[in-house]
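Me: Please take one part of this model and look at it closely. Then connect that part to what surrounds it, and go on to the rest. Give the cut-offs as you go.

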Amino acid sequence: MGMRSVAVIGIGKTAFGAFPDRDLRSLAVEAGEKCLTDAHVSPSEVEAFYLGNFAGPAFVDQNHIAPYVASALGISGVPCTRIEAACASSGAALFQAVSAVGAGLYDLVLVDGVEKMTSRPTAQVAEILAGAGDCSGEVLVGATFPALFAMIARRHMYQYGTTREMLAAVAVKNHANGAKNPLAHMRKPITMEQALAGKPVSDPLTVFDCSLISDGAAAVLVAPLERAREFTRNPVKVLGIAQTSDSVALDTKEDITTFRAVRLAAEKAYKMAGVTAGDIEFAELHDCFTIAEIIATEDLGFAPRGGGGRYALEGRTCLRGERPVNASGGLKSKGHPVGATGTGQICDVVTQIRGDAGELQVSRHSIGLAQNLGGSGATAVVTILAGA
Amino acid sequence: MSAIVYTETVVHMAPERFVSEAPYQIAIVTLDEGGRRTVRIAGQRVQIGDAVEFVEERNGIPFYRKRD
């Protein structure tokens, strides 16, 4: 099927962090307004609105969130739909938007992502997040998300000799980057010694292996590439995008040291873009846990299978390394407001491609990739972007 | 019913409903009859490769322990 080329013509995000005096709607509206302003588009021109949000109903007792946010943005009368795919909610929302614009249904589509998490105590947040797992099995037994990724890490260590130092190298790198990101939740560099001595969360993962519980929102405006320059001087082309799925429960996967959905999404996105892993100059990867970034570098073909830990430890993914990963600080340091993470990654990749990343600007920035993961790999979205 | 530990973790920061039980160990085990399940480990801690056996089900949670 023929499909129109699609471009990102606007981005906007809030700071990520713990904001006791901000509610879900005000965060989503701030990101949406910044995005519309960036694209020089008025709310009345928006033809459809997709909102990525994982658990608004559980975190803030609000349902029907898409029109609730859209109307506050001045968008009305058009389809407004919430998309839920755990931590890949706004990646999945972007996939819907690009598909719709590509198919010619609409020209201007706003994708927002939001989560308001810090109004609940940590044990309750853990409980709500666990709802992205299989509640009739693993969650019933007492698994949290850190526990699921801890079991993935244990198996990766057993099969491939991955070490605690390799996990810690990811944390140290992402904290070093995030310390320079004015919108990051935790702007604090950490040392290897600190990372290794973190308080245990779920063995072998410590607090320094886990991303943060954050509030925040991020928005992206997409349009047909052929119209992009009507709105902006620096459109960014969606070269490839794919969303894939797998079973939810970790114990149903044959090999938990790899995410089948990510490998499939990468394969499809590379094919659509007409590129290979070697062409990707930098990436924003879903480091909900340090082990997840290591596995992502393998599943995307940056590092050999089982070699992701060594790849990180050797510094190849550092800001000045051969292929910078998570120059933004990643979920680890930037923060992980679940529903905002996917669109947040797109904002970060677009900022790099535009050359607007300041101190965190990577040297080669013509083609970048974002990988967004839902749960323990039941949803994956891979997006490849390039300057247009 | 016996099984082999495929992977495991000790949960220190538990979800709300299990806070009073932490730290506790959970594992994904490969069942002798085929397939895997996620279980709670009773008693002694286990590692990948250990043989374990079914003990009982409590509140819908299957408990396994290390085989001697």
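Reply: **Strand pairing**

Strand 1 of chain B runs antiparallel to strand 4 (residues 51-58) of chain B, and 3 bridges join the two. Strands (E, at least two residues) and helices (H or I, at least four) are DSSP runs, numbered from the N terminus. Two strands pair if DSSP finds at least two bridges between them.

The model is predicted: local features need pLDDT of at least 70, side-chain atom pairs count only at pLDDT 80 or more, and totals for chains, interfaces and linings use all residues. Residues are numbered from 1 along each chain as its sequence is written, while chains are lettered from A and ligands numbered from 1 in the order in which they are written.

Back to strand 1 of chain B. Ser2(B) has Glu53(B) of strand 4 as its bridge partner. Strand 1 of chain B also pairs with strand 2 of chain B, again antiparallel, over 8 bridges. There, Val5(B) is bridged to Val29(B). Strand 1 of chain B is mostly covered, with 7 of its 10 residues buried. Buried means 20 or more other C-beta atoms within 10 Å of a residue's own, with C-beta atoms placed from the backbone; 12 or fewer is exposed, and in between is partly exposed.

**Facing chain A**

Chain B puts 25 residues into its contact with chain A, and chain A puts in 26 residues. Contact here means C-beta atoms, placed from the backbone, within 7 Å. On the chain B side, strand 1 (2-11), strand 2 (24-31) and strand 3 (36-41) each give two or more residues. The largest share, 6 residues, comes from strand 1 of chain B. By class, this side of chain B has 14 nonpolar, 5 polar and 6 charged residues. Nonpolar covers Ala, Val, Leu, Ile, Met, Phe, Trp, Tyr, Cys and Pro; charged covers Asp, Glu, Lys and Arg; the others, Gly among them, are polar.

**Across to chain A**

Chain A is assigned domain 1 (6-120 + 214-236) and domain 2 (124-209 + 238-387). The bounds come from an automatic or database assignment. The C-alpha centres of the two domains lie 22 Å apart. In their contact, 41 residues of domain 1 meet 40 residues of domain 2. On the domain 1 side, helix 4 of chain A gives the largest share, 7 residues. That side divides into 26 nonpolar, 10 polar and 5 charged residues.

The largest nonpolar core has 159 residues. Such a core is a set of buried Ala, Val, Leu, Ile, Met, Phe, Trp, Tyr and Cys residues joined through C-beta atoms within 7 Å. Helix 7 of chain A gives this core the most, 9 residues. Both domains of chain A supply at least three residues each. Val8(A) is among the residues with the most contacts inside the core. Beyond four places away in sequence, Val8(A) touches residues including Val220(A), Val222(A), Ile346(A) and Leu385(A).

Helix 12 (residues 290-299) of chain A has 10 of its 10 residues buried, so it is largely enclosed by the rest of the structure. Among the buried residues are Glu293(A), Glu298(A) and Asp299(A). Helix 7 (145-160), helix 8 (164-178) and strand 10 (367-374) of chain A are among the elements that cover them. Just after helix 12, Gly301(A) takes a positive phi of about 85°.

Conventions
Contact = placed C-beta atoms within 7 Å.
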